Amino acid sequence: MSKMKNLSLLCILLFFLCLQSPLRAQKAGIGQQKEAAALLAQAKREMGRQDYAAANKSFRQMLALHTPLPTEMCYFFAGTLFNLGQYENSLQFLEKYRSLAGPGGEFYHQSEELKKQLEEQMHIIRECAACDSQGYVQQLCSYCRGMGKVEQNCTRCYGRKKAVCSGCKGEGVRIEEDLFGQKKYQSCPDCEATGIRKCTYCKGEGKVTSNCEYCKGLGQLSTDELCSHEASQGQP
Ligand SMILES: [Zn+2]
Ligand SMILES: [Zn+2]
Ligand SMILES: [Zn+2]
Ligand SMILES: [Zn+2]
């Protein structure tokens with residue numbers, strides 16, 4: 001799942017790089033631009049028959065050409081991503097379209113509509129308790145059983161609750177020298193001369209509690225499955 005997300009992020013990054021690199025634009029061959037135009041036409045046909053997975057592939061092939069792309073591509077790609085449930089990516093391309101095309105753009109009016117729908121969907125996701133911020137179903141972290149925290153043996157005393165007294169280094173006796181260099185022996189007050197003290201790290205509990213490393217303390221892990229948000233429907 002995260003691989004897929006990273007991949008889409010990478011594509012977006014590459015795409016914005018192409019938009020902003022005039023040097024690349026000069027170098028780009030006319031052949032590639034023709035290919036991009038053909039891919040856009042193909043993606044529009046695929047969108048026409050609601051094959052958004054295929055359209056997504058065509059758009060990503062366009063991005064991989066590293067050639068300047070027509071502005072409207074952003075609008076259509078945003079529409080495809082919206083239908084695939086990739087709302088955050090969709091919003092990025094939609095905003096790119098709106099800033100590049102401006103209010104005079106051919107699809108500006110439609111982009112306003114799509115933006116509304118996107119915001120609605122993103123609102124539902126925020127309100128839905130069953131999915132993460134990307135709209136993927138979350139499940140309880142099995143490692144911490146949804147607690148977000150795990151208890152483990154203290155890493156200092158290894159669960160023994162006790163530690164060697166630091167005041168007397170475990171000797172039970174403190175040796176001090178008086179002003180005349182004479183040694184004075186004194187039973188250690190810290191450990192009552194036992195040489196052993198309560199572990200200060202775990203406060204004598206033997207256990208320490210820390211955030212679960214799998215779910216980063218959230219208690220939940222995201223899955224690959226897109227959420228239907230049904231669990232939260234019917235609630236205000
Ligand atoms: Zn001591
Ligand atoms: Zn301890
Ligand atoms: Zn966990
Ligand atoms: Zn949901």
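In this predicted model, His66 is found in the loop that joins helix 4 to helix 5. The phi angle of His66 is near 55 degrees, which is a positive value in a residue other than glycine. Most residues other than glycine have a negative phi.

The secondary structure of the protein as a whole comes to seven helices and eight strands. Of its 236 residues, 23% count as buried. When contacts between residues at least 6 apart in sequence are considered, 66% of them join residues that are at least 24 apart.

The packing of the helices may be taken pair by pair. Two packed helices are described by the angle between their axes and the distance between the axes. The two helices on either side of the loop of His66, helix 4 (residues 52-64) and helix 5, have axes that come within 9 Å and cross at roughly 140 degrees. Helix 4 and helix 5 are therefore oblique to each other, as an angle has to be over 145 degrees to count as roughly antiparallel. Helix 4 passes helix 5 in a left-handed crossing, and the contact is formed by Tyr52, Ala55, Asn56, Phe59 and Met62 from helix 4 together with Met73, Phe77, Thr80 and Asn83 from helix 5. Sorted by class, the residues of this contact between helix 4 and helix 5 comprise six nonpolar, three polar and no charged.

Helix 4 also packs against helix 3, and the axes of helix 3 and helix 4 come within 8 Å while crossing at roughly 165 degrees. This angle makes helix 3 roughly antiparallel to helix 4, and the crossing of the two is left-handed. On the side of helix 3 the contact involves Ala36, Leu39, Leu40, Gln42, Ala43, Glu46 and Met47, which meet Tyr52, Ala54, Ala55, Ser58, Phe59, Gln61 and Met62 in helix 4. The residues of the contact of helix 3 with helix 4 divide into 10 nonpolar, three polar and one charged.

A further pair is made up of helix 5 (residues 72-83) and helix 7 (residues 108-127), which pack at an angle of about 25 degrees with their axes 11 Å apart. Helix 5 and helix 7 are therefore roughly parallel to each other, and their crossing is left-handed. Tyr75, Ala78, Gly79 and Phe82 of helix 5 make this contact with Ser111, Leu114, Gln117 and Leu118 of helix 7, and the residues of the contact of helix 5 with helix 7 fall into five nonpolar, three polar and no charged.

In soluble globular proteins, nonpolar side chains tend to be buried together. In the present model, the largest nonpolar core contains 24 residues, of which Met62, Cys74, Phe77, Ala78 and Phe93 touch the most other members. Two or more residues are given to this core by each of helix 3 (30-48), helix 4, helix 5 and helix 6 (87-101), and the largest share, eight residues, comes from helix 5. If residues up to four places away in sequence are not counted, Phe77 touches Phe59 and Phe93.

Leaving aside neighbours within four places in sequence, Val137 is in contact with Ala130, Cys131, Thr223, Glu225 and Cys227. The C-alpha atoms of Val137 and Gln220 are separated by 9.8 Å, although the two residues are 83 residues apart along the chain. Lys169, in turn, lies in the loop between strand 3 (162-164) and strand 4 (173-177), and it counts as exposed because it has 12 C-beta neighbours inside 10 Å. The C-alpha atom of Lys169 is separated by 8.8 Å from that of Ile196, which is 27 residues apart from Lys169 along the chain.

Terms used
Residues are numbered from 1 along each chain as its sequence is written. Chains are lettered from A and ligands numbered from 1 in the order in which they are written. This is a predicted model: local features need pLDDT of at least 70, side-chain atom pairs count only at pLDDT 80 or more; totals for chains, interfaces and linings use all residues. Axes are lines fitted to C-alpha atoms, for helices over the stretch in contact, and angles run from 0 to 180 degrees between N-to-C directions. Helices (H or I, at least four residues) and strands (E, at least two) are DSSP runs, numbered from the N terminus. Angles under 35 degrees count as roughly parallel, over 145 as roughly antiparallel, 65 to 115 as roughly perpendicular and the rest as oblique. A crossing is left-handed if the near helix is turned anticlockwise from the far one by less than a right angle, and right-handed if clockwise. Two residues are in contact if their C-beta atoms, placed from the backbone, lie within 7 Å. Ala, Val, Leu, Ile, Met, Phe, Trp, Tyr, Cys and Pro count as nonpolar, Asp, Glu, Lys and Arg as charged, and the others, Gly among them, as polar. A residue is buried if 20 or more other C-beta atoms lie within 10 Å of its own, exposed if 12 or fewer, and partly exposed in between; C-beta atoms are placed from the backbone. A nonpolar core is a set of buried Ala, Val, Leu, Ile, Met, Phe, Trp, Tyr and Cys residues joined through C-beta atoms within 7 Å.
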